[in-house]
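Dear colleague,

I am handing over the structure below, together with an account of what was found in it. Please read the notes alongside the coordinates.

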Amino acid sequence: MIPKIDSVSNTVIIEKDVESIFDWFDQHKQTFYTLGWSYLRNRQQMEELFYQSILRVHKELSRFKSQTSFETWVTSIFIHICRELAESGNVQASEESNPQRELFDALDQLKDYEKDAMVLNLIKGISQEEGAQLLKVSLEEMKELLFAGIQSLKTKMGYESHFNGCKEYHKYYIDYLERTLERPKKIDFEKHIYHCPDCQEDLAGFQSVMLMMLTLVDRMEDLKVPFDFMDNIRERITEKEKNRQQRNKKRIRNGLIFAGIFAILFGLEYFSKAFSNPYFTWTEKDQELRAFLQQDLGEILNLEAESGGVKIRIKSVIADDVQTLVFYEIEDTEENDQYVLDAYDGVFVENDYEIMNTTVYRMYYPPDLEAAVNNEEKNVYQGKISLQPLTNENATIKLNITRLHKLIREPSDQNGFVAYGGIETETGEWKFEIPVTKQPSVSYALDGETNVEGVPIRFDKLTLAPTATIFQYGINMEQREKRLDGINFNHLEINDKKVKADRFSSSYIETTYDENWIPMQTHFEPLYGEKPKELNVQFESVHFTIDEPKTIVLDTAKEYPQTFEYAGNIISIEKVELGQPSKMVISNRENRSYESLNFQVVGENEKRIMAMEMDSQGVIVDKNGAVYNMNEPISYGEIEQPRHFITVISTELHPDTPGEKVIPKRLEIYGYNAMNYLDDVVKISLQ
């Protein structure tokens, strides 16, 4: 159900299907498009943002409480998905003009809650009280987040790094500038600031940042939703609903129950936990779970729930300060299908805000299709998902599962490699109450720095937890023209034992602000119980963003293709076709040192063309220079450190007003993205 607010009477109208939620988003698309652009700034991801938001609002509608407005509740979900997509690491460089881009880049470097507070209050225009409610913080904490966000933004924009004024008056700055400060406090503040030069200077710098934000808001008001934006999302939702209905018709819910001799025996009271745990410790087929059980880091649970002939069994849960790892088994009792869980779609914890650290992102584990246990039976799959870590030592997780994803095994090469399609889904209702005990972790402070192609890297902390080894480090951001966006490690070596890096785990850390340093962390295989004496880390590759501006004047009167040199390579503008929309094709098929370009197109009267649709072609190249055609099946897991080179970009330029013709005048290149291979091994000291 979705509460629909009647604009005339404010009467709540109840609707049941996902179509009504789509209609609500369609009515509010402009304000949410602007909000989403603050985090993503890429049309493909914006479509994914709206698509996921509509589905998640529909899924979690039963949790909506009328104490808050429906729009506020939807905004909280929308912001959460913005974070997820931004954290995925696939956000493309912004297409704004340079001042806007600089401000957006600075916003991206803020802590999550600081950025959320800034975006909600200064861009979306939500009051401090409503923003505090949405972020689940007090009003005072909301004010502190805004102050900290503006202070950090002020530093990142090149202003003085600290406020030197009187701390007791810091809390008045925002309300004073927004003219919402109560009159007695306003008079007292103005008397004080008249005699305090430090507070005068502080307030001026504070005001400069707020004015920049307001200028950005004014420019973003011109940001129009592309005319076919919601149509593409509607098609995806319609197709998803069609598949769901077909699956529901196919299933016969006759409640068949499978039971074997061991299920009966181990259900008897005289078989104590002291017997069953050692038995399953040595007979458990999942090698990873077996290792946890043998170290007494978890226990066998065997909690079961069934819906529509599909049975889910929660085998065990291993919890620590990093994550809550749930091992499960899914059995299709009616057909020979295998299903997996997706922690971000169809799986949610009913009491997560009560028992879990919801500021931590869940780790991603792809389906293990090569495991022997998942190739024995066609109707059974065993896997794991990661939930957020517990806040207390003991808790009961109320886990609700509403959607399963069908495994579609597709041969993609002669070696028998199989891929996970994950297109079809099975809906139902599986509920569990899972008792969990959190296991302790051990952390060690690190000391030392290294240098990666001119960029300083520092080493901060090593954490040994039951489910992962976490390596924390910092990247220096003082070089604005050459920014290190991410590091891939090969392995850590601790006391002559090597643990491989998890390629899906690198992320930013929310921590205290440290000027010019971005705190990061990468997860490695667990090495719990080891006391480190020697520590080495081997680098594998780094990703850079290089600022190298170049402007190309476009003259449609000249013949195409037209070529020009950029960053030591030849780029060709294959064609420019004027129309509704206008089209431009850019190619760079020669070998080069970068993967993709960051650019924008400027039209007549210096007007930036905002409605740009881009389609790209490319190739995959491995570390040894072998080239893979992306139009043919590729075994990505078997390619050594692949790089994705964009070779052709086809762009459609749409006018703000239907019927107008877009005439491109300039191609403005900001810079490019590049990946470099490394094989450096660095020895790290422990404090």
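How many helices and strands are there in the protein? There are 16 helices and 30 strands, where helices (H or I, at least four residues) and strands (E, at least two) are DSSP runs numbered from the N terminus. Please keep in mind that this is a predicted model, in which local features need pLDDT of at least 70 and side-chain atom pairs count only at pLDDT 80 or more, while totals for chains, interfaces and linings use all residues. Residues are numbered from 1 along each chain as its sequence is written, and side-chain values use heavy atoms, with hydrogens and water left out.

Of the 687 residues of the protein, 51% count as buried, a term that stands for under 20% relative accessible area, with exposed meaning over 50% and partly exposed in between (1.4 Å probe, protein chains only). Among the contacts with a separation of 6 or more, 70% come from residues 24 or more positions apart, contact being defined as heavy atoms within 4.5 Å.

Turning to the cores, a nonpolar core is taken as a set of buried Ala, Val, Leu, Ile, Met, Phe, Trp, Tyr and Cys residues joined through side-chain atoms within 4.5 Å. The largest one has 65 residues, and those with the most contacts inside it are Phe 25, Phe 50, Val 57 and Ile 233. Helix H4 gives the most to this core, with nine residues. When neighbours within four places in sequence are left aside, Phe 25 is in contact with Phe 50, Ser 53, Ile 54, Val 57, Val 74, Phe 78 and Met 230. Apart from this core lies another, of 54 residues, among them Val 455, Ala 501, Ile 573 and Ile 586.

Two packed helices are described by the angle between their axes and the distance between the axes. Here the axes are lines fitted to C-alpha atoms, for helices over the stretch in contact, and the angles run from 0 to 180 degrees between N-to-C directions. Angles under 35 degrees count as roughly parallel, over 145 as roughly antiparallel, 65 to 115 as roughly perpendicular and the rest as oblique.

The axes of helix H2 (residues 29-37) and helix H4 (residues 70-87) come within 10 Å and cross at roughly 30°, which means that H2 is roughly parallel to H4. Their crossing is right-handed, a crossing being right-handed if the near helix is turned clockwise from the far one by less than a right angle, and left-handed if anticlockwise. On the H2 side the contact involves Thr 31, Phe 32, Leu 35 and Gly 36, which meet Glu 71, Val 74, Thr 75, Phe 78, Ile 79 and Cys 82 of H4. By class, the contact of H2 with H4 has six nonpolar, three polar and one charged residues, where Ala, Val, Leu, Ile, Met, Phe, Trp, Tyr, Cys and Pro count as nonpolar, Asp, Glu, Lys and Arg as charged, and the others, Gly among them, as polar.

The axes of H4 and H6 come within 12 Å and cross at roughly 130°, so H4 is oblique to H6. Thr 75, Ile 79 and Arg 83 in H4 meet Asp 112, Tyr 113, Asp 116 and Leu 120 in H6, a contact with three nonpolar, one polar and three charged residues.

Helix H6 (residues 112-123) also packs with helix H7 (residues 128-135), at an angle of about 140° and with the axes 10 Å apart, and H6 is therefore oblique to H7. This contact is made by Tyr 113, Asp 116, Ala 117, Leu 120 and Asn 121 of H6 and by Gln 128, Leu 134 and Leu 135 of H7.

Finally, some backbone details may deserve a look. A cis peptide bond joins Tyr 560 and Pro 561, with omega about 10°, and Pro 561 lies in the loop between strand S21 (535-553) and strand S22 (562-566). Asn 302, in the loop between helix H15 (287-294) and strand S3 (303-307), has a positive phi near 55° and counts as partly exposed because its relative accessibility is 28%. Asn 495, in the loop between strand S17 (482-494) and strand S18 (497-500), has a positive phi of about 55° although it is not a glycine, and counts as buried because its relative accessibility is 18%.

With best regards
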